[in-house]
Amino acid sequence: MYDVAIIGSGPAGVSAAINLKIHNKKIIWFGNADLSKKAEKAELIQNYPGLNEVTGKQFVWALKNHVDQMGLTVTEELVTGVYDMGEYFGLMAKDNTYEAKAVILCLGVEEIKTVKGEENFVGRGVSYCATCDGFLYKGKKIGVLCTDKRYEYEIEYLCSLADTAYVMPIYKGVNVTAPNAKIIMQMPKEVKGGLKLNALIFKDSQIEVDGLFVLKGAISPATLMRGLNVEEGHVVVDRSCKTNIKGVFAAGDCTGRPYQYAKAIGEGNVAAHAVIEYLAKK
Ligand SMILES: Cc1cc2nc3c(=O)[nH]c(=O)nc-3n(C[C@H](O)[C@H](O)[C@H](O)COP(=O)(O)OP(=O)(O)OC[C@H]3O[C@@H](n4cnc5c(N)ncnc54)[C@H](O)[C@@H]3O)c2cc1C
C-alpha cells in the first residue's frame, strides 16, 4: 500500500511529489512522462517570481530536471476511478488497481467539457478505458469521443472489436484507418438511455449506440470520485487543500482560478504538508 497517490503531473503534482519525497513518503504518481502539455504552452512567463522571461517549455524542462534528479518517476496511466474503502483508497488506472492511504488530486482543468448525461452513465455504457472495457462491446455499435491524436491506437483497437465505431475526433489531422470507423466531425450535445446508455444526441440527429468511449487525458473530478464536492467544475478545498472527503486533497488549476503556475506549485506544497500531517495523525 502506498502512503499517497498523486494524480496529475503538472506543476501542482510536481510540487506535491517533491515535498512528499523529501519527507520519505511512499508515493505513486500518475500522469505523463512529459509532465504537462498545458504547462509547456506559455510563450513567455512573466509572473513567476525569480524566473523572469522563461518560456513554458524551459519551465517544464527545469521541473523535469528536478524530478529526475530526485529519482521521482511518473506512472503513465490515466486514473479513471478513486474509491473510498474506509481506511484507504482504491484507484483504477488502465487495467490496474492501486491502494493508497491518502490521495492528492492535481488534475488540472479538463480539456473538454463532459457531454450532458455522460456522468450518469459511467459504468453503464460510458467508459474511459479501451483496454479495460473494449471486450464488452464486441460486435456492437459504439461511439468514440477522442481529444488527441495520441489515442488513435486505442480507437483502432476498439474498431477491431466493434461492429461500427462512430468516431468523434476533437483534433485536427485524424487518421483512423479501420474500415468500420465512421468519422463524425461533431460532438454530441447529450447522451441518453435507460438502464444503459443507448443514444448519442447531435444538434439535428441522433445515433443509436451500445456504448460511448471517451478517450481524453483527464477525467472530470466529479466523475473520478463519487461524493467529491465539486462546484462549477472545480474541487472545493479549504486553506489546507483538504476536500470534503477525509484523506483526499486537491491542488492546482482543478481547485479554481487563477490558473497559474505559482498557485499550482504553492497548493501542491500545501497539500503535501496537509497529507503529511494527516498520515502522522493516522
Ligand atoms: C497558453 C497558456 C499560457 C499560459 N501562461 C501562463 C503564464 O504565463 N503564467 C502562469 O502562471 N500560468 C500560465 N498558464 C497556466 C498554467 O499552465 C497552469 O496554471 C498550470 O499548468 C496548472 O498546473 P496544474 O498542475 O494544476 O495542471 P496541469 O498543468 O494542467 O497538469 C495536470 C496534469 O495532470 C494529468 N492528469 C489529469 N487527470 C489525470 C488522471 N485522471 N490521471 C492521470 N493524469 C491526469 C494531465 O494529463 C496533466 O499532465 C498558461 C496556460 C496556457 C494554456
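The paragraphs below walk through the domains, sheets, helix packing, ligand shell and backbone details of this predicted model.

Because the model is predicted, local features are reported only at pLDDT of at least 70 and side-chain atom pairs count only at pLDDT 80 or more, whereas totals for chains, interfaces and linings use all residues. Residue numbers start from 1 along each chain as its sequence is written.

Across the boundary, 7 residues of domain 1 are in contact with 6 residues of domain 2, where contact means that the C-beta atoms of two residues, placed from the backbone, lie within 7 Å. On the side of domain 1 that touches domain 2, the residues divide into 3 nonpolar, 2 polar and 2 charged. For these classes, Ala, Val, Leu, Ile, Met, Phe, Trp, Tyr, Cys and Pro count as nonpolar, Asp, Glu, Lys and Arg as charged, and the others, Gly among them, as polar.

Next come the sheets. Helices (H or I, at least four residues) and strands (E, at least two) are DSSP runs, numbered from the N terminus, and two strands are said to pair if DSSP finds at least two bridges between them. An open sheet of 5 strands shows parallel pairing in the order β6-β13-β7-β8-β9. Its edges are formed by β6 (126-127) and β9 (181-183), each of which pairs on one side only. Within this sheet, 6 bridges link strand β7 (residues 141-146) to strand β8 (residues 164-169) in the parallel sense, and Ile 142 is found opposite Ala 165 in β8.

A further open sheet has 3 strands, ordered β10-β11-β12, and its pairing is antiparallel. Here the edge strands are β10 (190-193) and β12 (206-208), each pairing on one side only. From one strand to the next, the twist averages 30°. Strands β10 and β11 pair in the antiparallel sense over 4 bridges and form a hairpin with 3 residues between them. Strand β11 (residues 197-201) then pairs with β12 over 3 bridges, again in the antiparallel sense, and the hairpin from β11 to β12 runs through 4 residues. Ala 199 is a handy landmark: this residue stands opposite Lys 192 of β10 and opposite Glu 208 in β12. Leu 200 stands opposite Ile 207 in β12.

Elsewhere, strand β3 (residues 79-84) and strand β4 (residues 89-93) run antiparallel and are joined by 5 bridges. Gly 81 stands opposite Met 92 in β4. The hairpin of β3 and β4 has 4 residues between the strands, and Gly 86 takes a positive phi near 95° there.

Turning to the helices, two packed helices are described by the angle between their axes and the distance between the axes. For α1 and α6, the angle is about 35° and the axes are 7 Å apart; axes are lines fitted to C-alpha atoms, for helices over the stretch in contact, and angles run from 0 to 180 degrees between N-to-C directions. The crossing of α1 and α6 is right-handed, that is, the near helix is turned clockwise from the far one by less than a right angle. Among the residues making this contact are Pro 11, Val 14 and Leu 20 of α1 and Tyr 261, Ile 265 and Val 275 of α6. By class, the contact of α1 with α6 has 11 nonpolar, 6 polar and 1 charged residues.

Helices α1 (11-22) and α6 (261-281) also take part in the ligand shell, each supplying at least two residues. The ligand is surrounded by 32 residues, the closest being Gly 8, Gly 10, Gly 108, Gly 252 and Gln 260; a residue is near a molecule if its C-beta atom, placed from the backbone, lies within 6 Å of it. By class, the shell residues comprise 17 nonpolar, 12 polar and 3 charged.

Two backbone details complete the picture. The peptide bond from Arg 257 to Pro 258 is cis, with omega near 0°, and Pro 258 lies in the loop between β16 (248-250) and α6. Asn 24 has a positive phi of about 55° although it is not a glycine; Asn 24 belongs to the loop between α1 and β2 (27-30).
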